[in-house]
Amino acid sequence: MKKTTLTISVASAYLDALIQDARISGRTLLAIQAQADSRRNTSQADARAETRIESESTVQEESESTFQQELEPDIQNQASAGSAEAESPDLMDDHPFISWNPGSFASTKAALIEAETALGGTVNEAILFIDPPSTGNPRLSDLSLGQIEAASTTWITGYAQLLRELGRRFAERGSGLILVVLLPGDRDPLGAMAAGAMEALACTLAAQTTEAYKLFTVRDESGQPELLARYLIKVLDEPPRDSSKLLRHSGRINLFGK
């Protein structure tokens, strides 16, 4: 059966390699590109963080149902705009992609709605590439509150929201497969924080998955996009029985990095 695959990436080299292998395997692949909202700069984040700290004791949390109701118009508007954009999508190497702001819950919902629509109503598989960029600051003491908050919002809260929504959809449908792929790289303090948090989250979710859908965590140790792409397609085609095991890809030919 032909499968539809959703990939979430900020690393174009890995995405390009995956696109080629997905086509060969007969999959229909659609990419979501993580792009933070340019309107939210560091100085604004700093100001918000300081204001929140000063007034934290007087602020009451909104309930999730109220939050959902307030966001619904924005979600519908973004999904409508996304549907129009899907008819004439932007291209990256002649392949359409959907723009996603990890810092926005509404954007997460809208991007998945748009993706499902573009893929004929169903997403069978999802591949999330985790590769936090470096801020250029080697020391935590040199980072501002805003930079720490922005990294946490984008790479921890944002991707956790995405995994949550994907898991809900797959659980409701009773099938699905998610690969969380940790890419190699030298990390600064924020990058290390984000990568470590996402690896821990993915491994925990992998151990908790039910029969409804599966989640696997893959750590790439090869740094070779083409080899990793072949490995990921192989895992999708022949998933291991134990989803709780971290899969290490060293670049060797043998499956599951043993």
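# Exercises on helix packing

Helix H5 (residues 145-173) packs against helix H6 (residues 189-208) with 10 Å between their axes and an angle of about 20°. Keep in mind that this is a predicted model. Let's work through some exercises on it.

## Exercise 1: H5 and H6

**Task.** Work out how H5 and H6 are oriented to each other, and find which classes of residue make up their contact.

**Solution.** 

Step 1. Start from the angle, which is about 20°. Angles under 35 degrees count as roughly parallel. H5 and H6 are therefore roughly parallel to each other.

Step 2. Look up who does the touching. H5 brings Gln147, Ile148, Ala151, Ser152, Trp155, Ile156, Tyr159, Ala160 and Leu163, while H6 brings Leu190, Met193, Ala194, Ala197, Met198, Leu201 and Leu205.

## Exercise 2: zoom in on Leu163

**Task.** Leu163 sits in helix H5. Decide whether Leu163 is buried or exposed, and list what Leu163 is in contact with beyond its sequence neighbours.

**Solution.** 

Step 1. Check the accessibility. The cut-off for buried is under 20%, and Leu163 comes in at 5%, so Leu163 counts as buried.

Step 2. Skip the neighbours within four places in sequence. The contacts of Leu163 are then Leu128, Ile178, Val180, Met198, Leu201, Leu205 and Leu215.

Step 3. Pick one of these partners, Leu215. Leu163 and Leu215 are 52 residues apart along the chain, with 9.7 Å between their C-alpha atoms.

## Exercise 3: H4 and H5

**Task.** Helix H4 (residues 105-118) also meets H5, with the axes coming within 10 Å and crossing at roughly 40°. Describe the orientation of H4 and H5, then sort the contact residues by class.

**Solution.** 

Step 1. The angle is roughly 40°. H4 and H5 are therefore oblique to each other.

Step 2. The crossing of H4 and H5 is right-handed. On the H4 side, the contact uses Phe105, Thr108, Lys109, Leu112, Ile113 and Glu116; on the H5 side, Gln161, Leu162, Arg164, Glu165, Leu166 and Arg169.

Step 3. Sorted by class, the contact of H4 with H5 holds five nonpolar, two polar and five charged residues.

Step 4. Now look at Gln161, which belongs to helix H5. Its relative accessible area is 18%, so Gln161 is buried. Setting aside residues up to four places away, Gln161 touches Pro102, Ser104, Phe105 and Thr108. Gln161 and Phe105 lie 56 residues apart in sequence, yet their C-alpha atoms are 7.1 Å apart.

## Exercise 4: H7 and H1

**Task.** Compare the span of helix H7 (residues 225-237) with the expected one, then describe how H7 packs with H1.

**Solution.** 

Step 1. H7 has 13 residues and covers 18 Å from first to last C-alpha, close to the 18 Å expected. H1 also has 13 residues, and its reach of 19 Å is close to the 18 Å expected.

Step 2. Find the buried residues. In H7 they are Pro225, Leu228, Ala229, Tyr231, Leu232, Ile233, Val235 and Leu236. In H1 they are Tyr14, Leu15, Ala17, Leu18, Ile19, Asp21 and Ala22.

Step 3. See what surrounds H7. Its buried residues pack against helix H1 (12-24) and strands S5 (125-130), S6 (177-182), S7 (214-220) and S8 (247-249).

Step 4. The axes of H1 and H7 come within 8 Å and cross at roughly 45°. H1 and H7 are therefore oblique to each other, and their crossing is right-handed.

Step 5. The residues in this contact are Ala13, Tyr14, Ala17, Leu18, Asp21 and Ala22 from H1, and Pro225, Glu226, Leu228, Ala229, Arg230 and Ile233 from H7. By class, they split into nine nonpolar, no polar and three charged.

## Exercise 5: the whole chain

**Task.** How many helices and strands are in the protein chain, and what share of the residues is buried?

**Solution.** 

Step 1. Count the elements: the chain has seven helices and eight strands.

Step 2. Of the 258 residues, 44% are buried.

Step 3. Residues 24 or more positions apart account for 80% of them.

Terms used. Residues are numbered from 1 along each chain as its sequence is written. This is a predicted model: local features need pLDDT of at least 70, side-chain atom pairs count only at pLDDT 80 or more; totals for chains, interfaces and linings use all residues. Side-chain values use heavy atoms; hydrogens and water are left out. Helices (H or I, at least four residues) and strands (E, at least two) are DSSP runs, numbered from the N terminus. The expected span of a helix is 1.5 Å times one less than its number of residues. Buried means under 20% relative accessible area, exposed over 50%, partly exposed in between (1.4 Å probe, protein chains only). Contact means heavy atoms within 4.5 Å. Axes are lines fitted to C-alpha atoms, for helices over the stretch in contact, and angles run from 0 to 180 degrees between N-to-C directions. Angles under 35 degrees count as roughly parallel, over 145 as roughly antiparallel, 65 to 115 as roughly perpendicular and the rest as oblique. A crossing is left-handed if the near helix is turned anticlockwise from the far one by less than a right angle, and right-handed if clockwise. Ala, Val, Leu, Ile, Met, Phe, Trp, Tyr, Cys and Pro count as nonpolar, Asp, Glu, Lys and Arg as charged, and the others, Gly among them, as polar.
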